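User: I would like to learn how to read the contacts between a protein and its ligands. Please take me through an example.

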Amino acid sequence: MRILVTGGAGYIGSHTCKRLKACGHDPIVFDNLSTGHRSFVRFGPLVEGDLNDRAALDRAFAEHRPDAIIHFAASAYVGESVQDPLKYYRNNVGGTCNLLTAAVAHGVRDIIFSSSCATYGTPASVPIVETMPQAPINPYGDTKLVGESMLRAATAAYGMRCIALRYFNAAGADLDGELGEAHDPETHAIPLILAAARGTIPAFSVFGTDYATPDGSCVRDFLHVADLADAHVRAVEALQRLDGFTAINLGTGTGHSVLELIATVERVTERRVPVVRGPRRSGDPAALVADATLAADLLGWSPRHAALDTIIRSAWDWMHNPLHPLGNGTRDAG
Ligand SMILES: NC(=O)c1ccc[n+]([C@@H]2O[C@H](COP(=O)([O-])OP(=O)(O)OC[C@H]3O[C@@H](n4cnc5c(N)ncnc54)[C@H](O)[C@@H]3O)[C@@H](O)[C@H]2O)c1
Ligand SMILES: O=c1ccn([C@@H]2O[C@H](COP(=O)(O)OP(=O)(O)O[C@H]3O[C@H](CO)[C@H](O)[C@H](O)[C@H]3O)[C@@H](O)[C@H]2O)c(=O)[nH]1
């Protein structure tokens with residue numbers, strides 16, 4: 001299949017393009033390079049364009065005639081979404097609406113959507129199953145929930161087929177060392193803990209140690225990005241047999257606390273992580289852990305690289321990889 005991958009120059013999108021190509025599909029990346037990297041687009045052409053530019057979308061559809069869409073492109077920082085919510089509604093809600101309008105106009109009806117566990121807000125219990133209430137507690141999560149609503153309505157009205165994949169926390173890097181996470185500024189926990197271990201930032205701040213969790217820090221479900229990529233290929237293939245709108249969690253089913261991440265980084269890297277215990281970050285739920293039974297049932301998917309050590313080791317290796325687009329100029333104190 002020819003697949004239009006919006007946000008394919010980004011972290012999860014680029015790993016998915018690699019997997020698509022390996023499985024015999026042809027990814028076409030549509031990306032404005034706002035947080036993505038040209039050097040991550042290696043598995044098919046790059047169409048440089050913005051989701052909010054309808055003419056650019058029309059040209060991409062007309063030229064490349066995709067059979068399906070995988071829609072990653074979005075602004076994706078919880079903290080920033082609290083500071084600048086309208087950026088998030090404009091890019092994530094406006095962008096998705098524009099993309100769907102173009103897809104309908106060009107007769108493309110199959111779409112995989114990057115949703116998030118952030119749509120659940122503060123769940124009543126974990127692990128979270130897909131039927132539990134969605135009540136986001138930050139604007140980012142709300143934009144993903146609105147995206148799901150739009151897709152649910154569009155599947156009903158225009159005969160589209162959609163799978164919304166609600167990922168928990170993407171982490172780690174390509175196990176062949178070709179790709180990885182490269183955000184500037186970086187806000188995600190694992191790369192920041194590794195940067196502190198390496199000495200490129202003075203210390204890692206733990207956002208809150210007074211949560212109602214076993215050690216007081218937040219608990220998250222960290223999923224290797226290669227497993228996420230594999231799930232996307234399975235999902236786009238599954239659209240051939242799944243009509244309408246389906247939402248599926250992607251996680252390992254195991255939670256790890258922020259303090260546990262720090263301890264694992266210290267063990268894997270054999271370095272000390274300077275830590276500052278700080279206040280809570282606005283918009284953070286205490287614990288998010290997936291029940292991923294539906295992904296196994298509908299996609300035949302289960303994570304293959306779920307061990308936290310594997311995830312952290314791959315992220316650490318990537319941080320030292322010459323292909324890292326932001327790697328030059330970072331100081332290794334060790
Ligand atoms: N990283 C995670 O843990 C996580 C978890 C759940 C969901 N998600 C979702 O997965 C998707 C990918 O996340 P990521 O971590 O790879 O982020 P990323 O920032 O690395 O990738 C996003 C890509 O989209 C592009 N983009 C953004 N706005 C665009 C626009 N208007 N037009 C064209 N391109 C645009 C960026 O340049 C970038 O290449 C996002 O939708 C995010 O919300 C991520
Ligand atoms: O410097 C930091 C950074 C993070 N954290 C903590 O580490 C945990 C993980 O934070 P991340 O920023 O790495 O990721 P989030 O849990 O905020 O992930 C959220 O944002 C992601 C997109 O960036 C996904 O959408 C995901 O589903 C959604 O839960 C949180 O408890 C956070 O408070 C710290 O303690 N210090």
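User: Which side chain has an N or O atom 2.7 Å from an oxygen atom of ligand 2?

Analyst: A polar contact is a pair of N or O atoms within 3.5 Å; within protein, one must be able to donate a hydrogen and the other to accept it, and residues adjacent in sequence count only if both atoms are side-chain atoms. Here the side chain of Arg220 has such an atom 2.7 Å from an oxygen of ligand 2, and a polar side-chain atom of Asp284 lies 2.5 Å from an oxygen of ligand 2. This is a predicted model, in which local features need pLDDT of at least 70, side-chain atom pairs count only at pLDDT 80 or more, and totals for chains, interfaces and linings use all residues. Side-chain values use heavy atoms, without hydrogens and water; residues are numbered from 1 along each chain as its sequence is written, with chains lettered from A and ligands numbered from 1 in the order in which they are written.

User: How much of the area of ligand 2 does the protein bury?

Analyst: Accessible area comes from the Shrake-Rupley method with a 1.4 Å probe; for residues, only the protein chains shown count as cover. Alone, ligand 2 exposes 680 Å², and the protein buries 93% of that.

User: Which residues come nearest to ligand 1?

Analyst: A residue is near a molecule or strand if one of its heavy atoms lies within 4 Å of it. Of the 29 residues around ligand 1, Asp31, Thr35, Phe72, Asn91 and Tyr140 come nearest. The side chain of Asn91 has an N or O atom 2.7 Å from a nitrogen of ligand 1. The protein covers 96% of the 830 Å² of accessible area that ligand 1 has on its own.
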